[in-house]
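User: Can you go through the charged pairs in this one with me? I'd like to work from the model directly.

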Amino acid sequence: PRTSLNKLVAAGRRVRFVRLDLPAVKEQAHAAGGKVNDVVLDLIAGGLRELLIAREEPVLGLEVVVSVAVALRSSEEARDLGNQVGVIAVPLALGEDDAHTRLEMIAAATRRAKAEQHPAALQAMMGGLAATPLAQYFIAHQHLVSAWSTNLVGPPVPVYLLGARILDVVPIVDIAGNVAIAFGAISYAGRLNLVATADATAFPDIDVVMAGIERTWRQLSSDTR
């Protein structure tokens, strides 16, 4: 859909993040029959929904598609060095205002995407496109996705560098073309950090996104069904 989310990226970035309790996130994910990344996508959906409402854009029945990074390694290869990832396209039902219902919808959509899409093939296609002169034109004019998202499993216990404990890990995801907002999440020592990186011109109201994310989390973690 044509929304204000897709804007050409210019100079300047705005970065915001929220800290969440990882066991509580896992509890919500399992209750909805999903995974931690489904909760991350639900929070993103809540933030984007609130932003579009604040911008007086219609959200009734609205779905936006997010490009989601997925690991291609098998469990036996999980500790190998280097990245081996693909992408899937997951629709987020911004028209749904109930966080629990939306989470169940997202969990189902993610399962369908993993079963029906081909992350490695799509990644290979995008890599091939990037090597051509058409790459910049495509990424500046595409309307396949409205945002990017990636979720990393970090160390479950504190990590030290030269004897000093690393207090926090904050992933900052690149933006390009007309994808002017991206989200990165990482777990670290019992916490989940969710970070939004956005173009400063296209998202002067990024704090509205973060307020929506925090409000969605309060609804998920406090409501009982």
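Salt bridges

Analyst: Searching the whole structure gives 7 salt bridges. Keep in mind that the model is predicted.

User: Which residue does Arg-215 pair with?

Analyst: Arg-215 forms a salt bridge with Glu-50, and their closest N and O atoms are 2.1 Å apart. Arg-215 belongs to helix α6 (residues 206-222) and Glu-50 to helix α2 (residues 36-54), so the bridge ties together parts 165 residues apart in sequence.

User: How exposed is Arg-215? And Glu-50?

Analyst: Arg-215 has 40% relative accessibility, so it counts as partly exposed. Glu-50 has a relative accessible area of 24% and is partly exposed.

User: OK, next one. What does Arg-55 bridge to?

Analyst: Arg-55 pairs with Asp-205, with 2.8 Å between the closest N and O atoms. Arg-55 sits in the loop between α2 and β2 (63-71), and Asp-205 in the loop between β8 (191-199) and α6, so this pair ties together parts 150 residues apart in sequence.

User: Is Asp-205 buried or partly exposed?

Analyst: Partly exposed, because its relative accessible area is 21% and buried means under 20%. Arg-55 is partly exposed at 22%.

Key. Residues are numbered from 1 along each chain as its sequence is written. This is a predicted model: local features need pLDDT of at least 70, side-chain atom pairs count only at pLDDT 80 or more; totals for chains, interfaces and linings use all residues. Side-chain values use heavy atoms; hydrogens and water are left out. A salt bridge is a side-chain nitrogen of Lys or Arg within 4 Å of a carboxyl oxygen of Asp or Glu. Helices (H or I, at least four residues) and strands (E, at least two) are DSSP runs, numbered from the N terminus. Buried means under 20% relative accessible area, exposed over 50%, partly exposed in between (1.4 Å probe, protein chains only).
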